[in-house]
Amino acid sequence: MSRYDPSTIEPKWQKAWDSAGTFLAKMSSDKPKYYVLEMFPYPSGNLHIGHVRNYTLGDVVARYKKATGHAVLHPMGWDAFGLPAENAAIERGINPEVWTRQNIANMKTQFAMLGLSLDWTREFATCDPEYYGQQQALFLDFLEKGLVYRKNAVVNWDPVDMTVLANEQVIDGKGWRSGAEVERRELTQWFFKISDFSEELLGALDGLDNWPAKVKLMQANWIGKSRGLEISFQRVDGGEVISCYSTRPDTLRGASFIAISPEHPVSRALAEDNTDLAAFIAECRKMDTTEAAMEKAEKRGLDTGITVRHPIYKDVELPVWVGNFVLMDYGTGAVFGCPAHDQRDLDFARKYQLDVQSAFHLPGADLEVGDVALVPAKTEKVVYIDHFAGLTEATSQEGIDATIDYCEHHGLGEAQTKFRLRDWGLSRQRYWGAPIPVVHCDACGVVPEKKENLPVKLPKDVTFDIPGNPLDRHDAWRSTKCPICGKPAQRETDTMDTFVDSSWYFARFTSPGSPTPTNAAEAEYWMNVDQYVGGVEHAILHLLYSRFFARAMHLTGHLPRTAIEPFNALFTQGMVTHAIYQTKRGQDGRPVYHFPAEVEPRDGKMVLIEDGREVEVIPSAKMSKSKNNVVDPVAIIEQFGADTARWFVLSASPPERDVEWTASGAEAAFKHLNRVWMLCDRIAGMDRNAPGEADEALLRDMHKTIRDVTNGIDSFGFNAAIAKLYAFTNVLQKSRASYGAQRKAVMTMAQLMAPMTPHLAEDIWANQGGTGLIADAPWPTADEVMLVESTLTLPIQINGKRKSEIVVAKDASKEEVEKIALADDAVIKALAGTAPKKLIVVPGRIVNVVI
RNA sequence: GCGGGCGUGAUGGAAUGGUAGACAUACCAGACUUAAAAUCUGUUGGGCCUUGUGCCCGUGCGGGUUCGAGUCCCGCCGCCCGCACCA
């Protein structure tokens, strides 16, 4: 009897696939194509268990689609630019490129252990000049098309390190290294005009039938289309009018102040001779640039002293305040405050003793406004007070429309459709990214680099001993010639946001060696991605930017019209979590985290092996190195093999939900694969000619399993598909059918398992004398005839609760079922001689007797 | 703060609006063994009694729609994700 030894069979089959070129993507004239893509990884250096899940999910789809006769494209690459490489350079003096290349090499070795059906001939990293050079070409084409422009925008500035900080580098308003309070600083930066596509990106969501509804909803809310009123308020002192945008203009009667952004031109002008205001604005600049920080911060304001006239109630004068909560980027940078119908405005008004006036009230309710603003849904009816357009009781939506019409008619303002979506700032003041291919010439201005000079390569001789962007101080690299006049000029030192890199890699995979960004024939054939798999954390930005890029690439001739929505189907998987084991340490009370290997269960509790102290268990926590709860896939593969790791992550939880990694679960997966192995072994050793029992029953079960597993894979119900395979293993293990039937059953089972545990499946296939590779074998089909049962069991409910069951013929008529149901003992007993009030028969499903 | 999602036994989870708890883990019991491990078999949502082919309760909490709700609707609570320079 042989032993299941993944450490020998896994490398063996990996080699076999490799030398046979099993997973090379080839265009085919007689097969439908299928493009499976998982979000490519950042090369952090080590494979994370979350990667194992992500790539296994995609691999199941890829292998299954190959078996169902598709020409499959399943590529892999590296999202290789970004901050961690610079951090490594700062902390350890290692060159970012060297660090990144080492990480890629290391992770690629780890990837190979997983046995993924990838076409590695298409591999690239975004830090390859061949890749980012094509990205620079795209940038130039976008620039020519007017899809790129420059404007000022704020960044987080560390005044001590004299450097721009990413949002994650700002902790509680302070720079992560220097600890200095960050400031907002304005810089001239490059932007993609994604806002030109707001309407289009919103409308096209409707067509994305195979995207999760939640992702589409999140994107729609992010784009944030709103119809509102832009209305002007005249300054009492005769200064320039202040224009406000509101999506609730029906609350105009309740306006009691105007709040303008600290960056509003009026704020800036007034600050010139108002030191208090200047100080307040300076104070406001000491805040993160994140929206979350803005929203969470205490609402503060300063009265500018100027007033405006209410556009409708001319005798009402409103004070103008500068508010730290007003965004300059949205609307007009000024809002009117209506405390009665906006909670934030109400809090603000209470704080600064501003007037509170209702514009409407709920029918039958009083006007008193306490500490809670009245913010009804737009579909709810309210009673308007003294409405200028003559409204009384109406829905808020009707109130909004009437107000807009009135104001337009009287020349007070105009209807405006606005989007929350802002243009995409792509400039980064950093080294480790794709250089923006433009040149600054004293004579010619900002000039695009010539395409023949691409790629603009990053210099390799850089140091990180001084904070800031090494490109800025690399004079030799910066010095160049103006592409127009040929005089000495300076290169742009900003590099591109890494979201740019990941916004078109899926297109590049269709022809990774092409001397242009894409190759028309290859892109035409392989696009779109038929199934995209990745984390829900990318639901908005990455996916929205990619949708924009696909459109921009179409406009510049790099993608066909059919590829403007690049991802036909999207699947968002959950995280892999792991329990945290902690003990509280004495004085400071800070928890001490323990590795899983340091604890064990004892008397129903988790204790430290070392001294038996009880350990607190926090289940299902996000994996984090600092919490010592990270599972190393390599260690798991060395212990149990890749098939066990794959089987476990697939079986433990539905793929869209978080899955908790548990040692017992991994062991159970391993045990099961061992059982399958032994089962296969037993069948191989059976007497070929001995008669068997119940061959047909086994084969019927097999066909049901084919049907259920196929449905499971089709619907991403991998955990349920695996449960069916468990059940079938139990059946097969107990079967006393003939050799022929059992061999058929185990080979079919191997095929059904092949997308999940490909190495084990190959081995079973070979051991049972299968032809060729199981990876090349066509997917088994369920025989309809074998699925049909002659009778079925129907549950009987009495008043909706299950009380009994009956067995009826498969094709029994409704009348027959009723008759049998009414003859059932439990029904007779419950009816006690009376007639049922109602009798519901759902054919093939259920009978409900209502009494 | 805003937007989105999730919540089912001791645990992971299953269930086109139609038998809640499939399948697995853990626990307990049994077989095998000198013993242990491994393996195999069986029990296990809670409660009640009259121990039955029994009754009642039960899918975060509170309401609602329906012949019928884990599933749909409304309101809470808790956790997770995103918030534009982390990837």
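Reply: A polar contact here is a pair of N or O atoms within 3.5 Å; inside the protein, one atom must be able to donate a hydrogen and the other to accept it, and residues adjacent in sequence count only if both atoms are side-chain atoms. The model is predicted, so local features need a pLDDT of at least 70 and side-chain atom pairs a pLDDT of 80 or more, while totals for chains, interfaces and linings use all residues. Side-chain values use heavy atoms, without hydrogens or water, residues are numbered from 1 along each chain as its sequence is written, and chains are lettered from A and ligands numbered from 1 in the order in which they are written.

On confidence, the predictor assigns the complex an ipTM of 0.91 and a pTM of 0.92. Chain A has an average pLDDT of 89, and 96% of its residues reach at least 70; pLDDT is the predictor's confidence in each residue, from 0 to 100.

Now to the part itself. RNA strand B is surrounded by 66 residues, the closest being Asp 79, Asn 167, Arg 430, Ala 652 and Asn 848. A residue counts as near the strand if one of its heavy atoms lies within 4 Å of it. By class, this surface has 25 nonpolar, 18 polar and 23 charged residues; nonpolar covers Ala, Val, Leu, Ile, Met, Phe, Trp, Tyr, Cys and Pro, charged covers Asp, Glu, Lys and Arg, and the others, Gly among them, are polar. Helix H22, residues 718-734, contributes the most, with six residues. Helices (H or I, at least four residues) and strands (E, at least two) are DSSP runs, numbered from the N terminus.

The side chain of Ser 653 places an N or O atom 3.4 Å from a phosphate oxygen of RNA strand B.
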